[in-house]
Amino acid sequence: MQVLLRTLGQMIVLFAVASAVALTANELRRGGREPGRNGAAAGARPSNWIDINRAYFARRAPAPLQPDPASPATAPGHAPNAVAIEEPPASVPYRVVDLGTVRDAVHDPLYEVGQIVLIDARDDAAYKAGRIPGAIQLDYYRLEGYIERVMDAALAAQQVIVYCNGGRCEDSLLVCQELELRGIPRTAIALFKDGWEAWKAADLPIESGPAREQ
Amino acid sequence: MQVRRGLLARLDETGIPLLIARLAVGGMFAYLALLKLSNPFEFLKQVNQYQIFPADPPQLMNFLSLTLPYLELICAAALIFGFFLRGAGATILAMLLFFCPLLVHRAMLEYASGAFPGFCWVKFDCGCGTGEVFICRKLAENAALIVGSLITVLSQSRFLCLESLLRRRPHTTNGLEPAMSGA
């Protein structure tokens, strides 16, 4: 019995020490500063700070998309601008675009002038290793370093296409939700569900290294 | 049976099984903890994939995602250096016993989806820090870690342990003279 109590006591002490170290290390990350990245202001929060109170994965269920016959942007089968759209499946409340559509969008003159914006929802390492040419980065878990620049571009654009790795990656969907919450109309947001893996597999041009200055 | 217990006890007295278990389990958990700590958001995402904790309110999931890698690292250090041995071994054992059924459950869901030809072909990122792994290999590794952590919990030896060096005790924990333990 004594051995059991002693073991339990040790477990509690180990957990308490681990919690204290974890919270302290997290606060130290928050209190530190890193140079601005991707054009973000200098002094942006360090990259690995976890906000304990942030609901990173809570799905804020938007209202179902109602087609408006008066609006050409939402008429079924109509492609606004140069980007073809599909009716979203019930589980994804945003328009889903395929590889061909994204490839066409990248070659569209509207892309060059910022009327179509491509957002890469992956982290720094993945973004720098390779991305769709011209895509700007928005790391959903480290919003503060990116959101200002991305919102400037997204608000000025007619269409925003978001991607991450594809497959099981949900980060692009989370970014779409975040953009909508910050004021981008849902009709202007599209999701490239097959993502980076599909682009890479199709042997299409890629860009790498730090983001281009705009 | 008595002969077998005597043999196990004599083997335990040498301290070698415990030393091997401490270094193997401690080393493995230290490595995995450092991988998780290098990308805490990746671990947070993997914890969310298991759907054990509610996404909202987020405090429990965020706190445990933050704390568990440090708990692994501290328990690993405890095993390697030889202090709080039973507590560290029991903590690691508890984590393994909690995690393995979740792993099997998730693997069964993946297998049921039809994407893999056999159960042992199922491959996914389990959140251990090493990326995608084959389920059978992962379960075999976990079984070995469970055996190792059981040894650290049950062993009476304190061979080459900081605990015994600091307390200046003989390298057994049952309070008896070394010659009498396990007899």
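This is a predicted model: local features need pLDDT of at least 70, side-chain atom pairs count only at pLDDT 80 or more; totals for chains, interfaces and linings use all residues.
Residues are numbered from 1 along each chain as its sequence is written, chains are lettered from A in the order in which they are written, and side-chain values use heavy atoms, with hydrogens and water left out.

**Exercise 1.** Describe the interface of chain A and chain B by its contacts and its buried area.

Solution. Begin with contacts, meaning heavy atoms within 4.5 Å: 35 residues of chain A meet 35 residues of chain B. Next take the buried area, which is the accessible area (1.4 Å probe) that two parts lose on being put together, summed over both; between chain A and chain B this area is about 3,100 Å², with carbon and sulfur atoms giving 68%. Within chain A, the residues that lose the most area to chain B are A:Leu14, A:Phe57 and A:Arg168, together 23% of what that side buries.

**Exercise 2.** Find the salt bridges across the interface of chain A and chain B, and state which element of chain A gives the largest share of the side that touches chain B.

Solution. A salt bridge requires a side-chain nitrogen of Lys or Arg within 4 Å of a carboxyl oxygen of Asp or Glu, and the rule finds three across this interface. In the salt bridge between B:Lys45 and A:Asp171, the closest N and O atoms are 2.7 Å apart. Turning to elements, where helices are DSSP runs (H or I, at least four residues) numbered from the N terminus, helix α1 (residues 2–31) of chain A supplies 17 residues, the largest share of that side.

**Exercise 3.** Characterise the largest cavity and the largest pocket.

Solution. On a 1 Å grid over the protein atoms alone, a cavity is a set of points where a 1.4 Å probe fits but cannot get out, a pocket is an open set with protein on both sides within 12 Å along at least five of seven lines, and lining residues have an atom within 4 Å of a point. The largest cavity holds about 50 Å³ of space; its lining includes A:Arg29, A:Ile50 and B:Tyr70, and α4(B) contributes the largest share, four residues. The largest pocket holds about 870 Å³ and is lined by 36 residues, of which A:Asn165, B:Glu42, B:Lys45, B:Gln46 and B:Asp125 lie nearest its centre. Finally, α3(B) gives the most to the lining of this pocket, with seven residues.

Key
Helices (H or I, at least four residues) and strands (E, at least two) are DSSP runs, numbered from the N terminus. Grid points are joined across faces, edges and corners, and a volume is the space filled by probe spheres set on the points.
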